[in-house]
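Here is a friendly walk through one protein chain, with the sequence and the 3D view at hand. Please keep both open while reading.

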Amino acid sequence: KKKARESCSLPESSWEERLANAVTPLWRLPYQEQLQVKYESQRKILQTLASHLEELGIDAQKPGGLCCPLQPVVPSPIINGYRNKSTFSVNRGPDGNPKTVGLYVGTGRARNIVCVKANNMENIPSKHKQVAQCYEEFICRSPLDSCILFHEGGHWRELVVRTTSCGHTMAIITFHPQELSQEVLATQKALLKDFFTCGPGAVCALTSLYFQESTMTRCSHEQAPYQLLHGAPHIFEELLGLKFRISPDAFFQINTAGAEVLYQAVGELCQATGDTVLLDICCGTGTIGLSLAHRVSKVIGVEVVEKAIEDAKWNAAFNGISNCEFHSGKAEAVLPQLLASWEDARPLVAVVNPSRAGLHYRVVQAIRNCRSIRRLLYISCKPEGEAMRNFLELCCPPDPRKKLAGEPFSLMLAIPFDMFPHTMHCELVLLFTR
């Protein structure tokens with residue numbers, strides 16, 4: 001602990017320290033202690049789940065009050081600067097500068113939000129900080145205001161930076177057009193491109209520079225297209241010997257080295273054989289399915305983001321993988337249709353990797369009611385949240401009123417993976433069988 005305290009270079013109660021404490025609350029602890037804190041956190045989640053299962057009449061109590069064995073937290077291969085994607089806000093800084101590019105301290109409800117530069121954040125790589133600093137320099141030169149509150153006007157908004165181990169860097173700038181003409185917008189885009197290609201921002205050596213005109217907090221490509229101002233339309237990542245194409249809004253695990261460890265473990269837990277069909281739900285750019293394609297007879301991927309499915313199909317073709325098919329659309333619309341008429345005699349293993357909101361109820365219904373699915377791996381980034389409801393729906397007795405006719409699953413094993421060092425977050429992999 002003494003060594004950890006000596007390594008803390010931030011002045012006490014500085015804005016940088018407040019930011020570090022808010023976003024990476026474990027940053028002061030030696031890494032082994034961080035893993036222990038996370039283990040205890042996951043243990044409490046499984047105790048809570050066991051209690052809920054007991055309420056449903058399911059005898060789920062295992063040693064320690066857990067609903068299944070909990071393995072130690074699998075450490076991240078990289079502890080600092082591991083993030084391959086960072087989102088920076090634009091808002092008023094501690095010095096009053098309304099064009100500060102950084103991360104928030106405070107809340108909107110308390111009306112005490114301050115935007116603090118991320119220079120001292122240990123989980124963010126230096127390249128991301130460099131691009132953020134250059135973006136701040138650009139908008140500070142611009143006569144256009146930053147957009148802090150939509151109804152108060154202003155234009156310059158978020159910056160997303162994505163990097164890969166191949167050395168590629170993508171910057172995506174969100175801009176509120178307000179009432180600007182197309183001519184003025186074209187001028188701003190030209191100035192932005194010049195700054196990052198010929199001006200001070202050229203030091204960032206961007207592979208791709210995107211611009212999105214957005215009148216909402218978050219917009220998909222379909223709602224507000226990503227406009228390529230400079231460079232290549234995609235960046236590329238290598239993972240488990242495969243090459244993956246990444247679009248601006250495609251999901252990719254935030255910690256690439258950690259994802260390799262996670263996917264290798266998922267492959268082992270699937271117990272897939274040569275005749276297995278792998279169902280990859282919320283598949284993103286296809287990373288899980290494609291990395292396991294050589295072990296199975298077929299991979300079927302489902303993903304709501306259309307551009308991610310385009311990437312997944314390209315990734316399969318580029319890597320010479322021909323036993324994969326990918327479906328674009330909401331899982332709750334695609335999956336029931338896919339499984340309702342399922343007559344394939346081959347074993348069917350499902351892997352689900354949803355967002356924090358968990359799986360839609362109709363997805364759980366489709367999985368429960370498909371008798372061919374005997375093994376399910378649920379990868380959850382927030383198991384204490386909405387995903388908890390999914391776990392109970394998977395394990396509860398058949399309930400005709402809820403259209404859960406299929407045999408219930410049993411929870412067999414839980415393995416936490418530390419994909420987010422210095423934070424409280426974990427990826428929890430849960431193995432369900434029936």
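## Strands 14 and 16

In this predicted model, L377 has L431 of strand 16 as its bridge partner. The two strands involved are strand 14 (residues 373-380) and strand 16 (residues 427-433), which pair in the antiparallel sense over 6 bridges.

What does the UniProt annotation say about residues 275-338? The unreviewed entry gives "domain: Methyltransferase" for this stretch. In the model, the chain over residues 275-338 is 42% helix and 25% strand. The end C-alpha atoms of the stretch are 19 Å apart.

## D418, between strands 15 and 16

Back at the sheet, D418 is found in the loop between strand 15 and strand 16. Is D418 buried or exposed? With a relative accessible area of 2%, D418 is buried; the cut-off for that class is under 20%.

The side chain of D418 has polar partners to look for. One is the side chain of K38, joined to that of D418 by a polar contact of 2.5 Å. Another is the backbone nitrogen of F420, which lies 3.3 Å from a polar atom of the D418 side chain. Leaving aside neighbours within four places in sequence, D418 is in contact with residues from several parts of the chain, among them Y31, L35, V73, P75, N255 and H425.

## D95, in another loop

Now turn to D95, which has its place in the loop between strand 1 (85-91) and strand 2 (100-105). At 65% relative accessibility, D95 counts as exposed, whereas D418 is buried. The side chain of D95 reaches the backbone nitrogen of N97 at 3.0 Å. For a sense of distance, the C-alpha atoms of D95 and A224 are separated by 33 Å, and these residues are 129 residues apart along the chain.

## The hairpin of strands 8 and 9

Strand 8 (residues 235-239) and strand 9 (residues 242-246) pair in the antiparallel sense over 5 bridges. Within this pairing, E238 stands opposite K243 in strand 9. The two strands form a hairpin with 2 residues between them. In the turn, L240 has a positive phi of about 50°.

How many of the 5 residues of strand 8 are buried? The count is 4, and strand 8 is thus described as mostly covered.

## Salt bridges

The structure holds 15 salt bridges. One of them joins R43 and E40, with the closest N and O atoms 2.9 Å apart. R43 and E40 are separated by about one helical turn because they are 3 residues apart in helix 3 (residues 31-55). Both ends are partly exposed: R43 has a relative accessible area of 25%, and E40 one of 27%.

Another salt bridge links E137 with R141, again with closest N and O atoms 2.9 Å apart. Both residues lie in helix 4 (residues 126-141), 4 residues apart, about one turn of the helix. E137 is partly exposed at 31% relative accessible area, whereas R141 is exposed at 54%. D344 and R346 form a further salt bridge, whose closest N and O atoms are 2.7 Å apart. D344 is partly exposed at 25%, as is R346 at 28%. Finally, E386, R389 and E393 are linked in a network of salt bridges.

Conventions. Residues numbered from 1 in each chain as written. Predicted model: local features only at pLDDT ≥ 70, side-chain atom pairs only at ≥ 80, totals over all residues. Heavy atoms only, no water. Buried < 20%, exposed > 50% of the residue type's maximum accessible area, 1.4 Å probe, protein only. Pairing = 2+ DSSP bridges. Salt bridge = Lys/Arg side-chain N within 4 Å of Asp/Glu carboxyl O. UniProt positions renumbered as here; feature names shortened; annotations may be inferred. Polar contact = N/O pair within 3.5 Å; in protein donor to acceptor, adjacent residues only side chain to side chain. Contact = heavy atoms within 4.5 Å.
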